[in-house]
Amino acid sequence: TMKLFDGESYTSSSVSSLLTNYNVTIPSNASGTATGNITVNYYYKLKQATITIKYLEEGTNKVLSTQETKTLNYTDSYSYTAKDITNYEFSGTSKTVSGTVSGNKEIIFYYKLKTATLTVHHYIEGTTTKLVDSQVSTVYWGNTYNTSKSSSISSDYEYSTTQGTPSGTIAGDVTVIYYYKLKTATITVHHYIEGTTTKLADDVVTTQKYTTDYNTKAATVDSN
């Protein structure tokens, strides 16, 4: 409030301490010449700011999810938490960012692909005895994998069965077990008259596992 005489010029101004957080509308009669009682009204409105939230892959800045944009007033409180993203884990320093709006702000949440262990065993059927070393590798979630029987297995063995899923998409640790069993062979013993294929006794036919010892013997033949 100031006391003016008619015809006296005047000038008014906004409150400077408010301008940090407010935009002000300067009235048309902010300054002029007194012609009676004058009321000058300054109107203040909170400034607005944009909060941009991004979800990026660590090291590549690959966009993992659509960025979000929030419009807030200055002095508003804000709090945003990193969301779950399939196949990724949060890798930043804090999953929640909060504060008070005082200007435009960019919030970036960083993620990295989860890792899993892919283990492939090659066992003798019914045991945990290894025929070759197991293959253990670190793989990323979301990647496909494909395992197979070993080509280094002894020729005495043949493939039997598989435990686990031989191929697919990584969504956690995977263990695949290939089982092998000893091959079988047929041992046939004939009893012939020398120089012929005339039988003196019935053939003896047995089935044996590879690497197993075997013995044969001559038949007892009636000399009459």
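Predicted model: local features only at pLDDT ≥ 70, side-chain atom pairs only at ≥ 80, totals over all residues.
Residues are numbered from 1 along each chain as its sequence is written, and side-chain values use heavy atoms, with hydrogens and water left out.

**View 1. The salt bridge between K54 and E106.** The structure holds three salt bridges, a term for a side-chain nitrogen of Lys or Arg within 4 Å of a carboxyl oxygen of Asp or Glu. In the bridge between K54 and E106, the closest N and O atoms are 2.8 Å apart. This pair links distant parts of the chain, with K54 in strand β5 (residues 48–57) and E106 in strand β10 (residues 105–113), 52 residues apart; strands are DSSP runs (E, at least two residues), numbered from the N terminus. E106 is partly exposed, with a relative accessible area of 47%.

**View 2. K83 with its partners E68 and S65.** The side chains of K83 and E68 meet in a salt bridge of 3.6 Å, N to O. The two residues are 15 apart and link distant parts of the chain, K83 lying in the loop between β7 (77–81) and β8 (88–90) and E68 in strand β6. K83 counts as partly exposed at 30% relative accessibility, and E68 is partly exposed at 23%. S65, placed in strand β6 (residues 63–73), counts as buried at 17% relative accessibility. Not counting residues up to four places away in sequence, S65 touches Y55, K83 and I85, where contact means heavy atoms within 4.5 Å.
A polar contact of 2.7 Å joins the side chains of S65 and K83; the term denotes a pair of N or O atoms within 3.5 Å, of which, within protein, one must be able to donate a hydrogen and the other to accept it, and residues adjacent in sequence count only if both atoms are side-chain atoms.

**View 3. The salt bridge between D203 and K199.** The closest N and O atoms of D203 and K199 are 3.1 Å apart. D203 counts as partly exposed at 26% relative accessibility, and K199 counts as partly exposed at 47%.

Terms used:
Helix = DSSP H or I, 4+ residues; strand = E, 2+ residues; numbered from the N terminus. Buried < 20%, exposed > 50% of the residue type's maximum accessible area, 1.4 Å probe, protein only.
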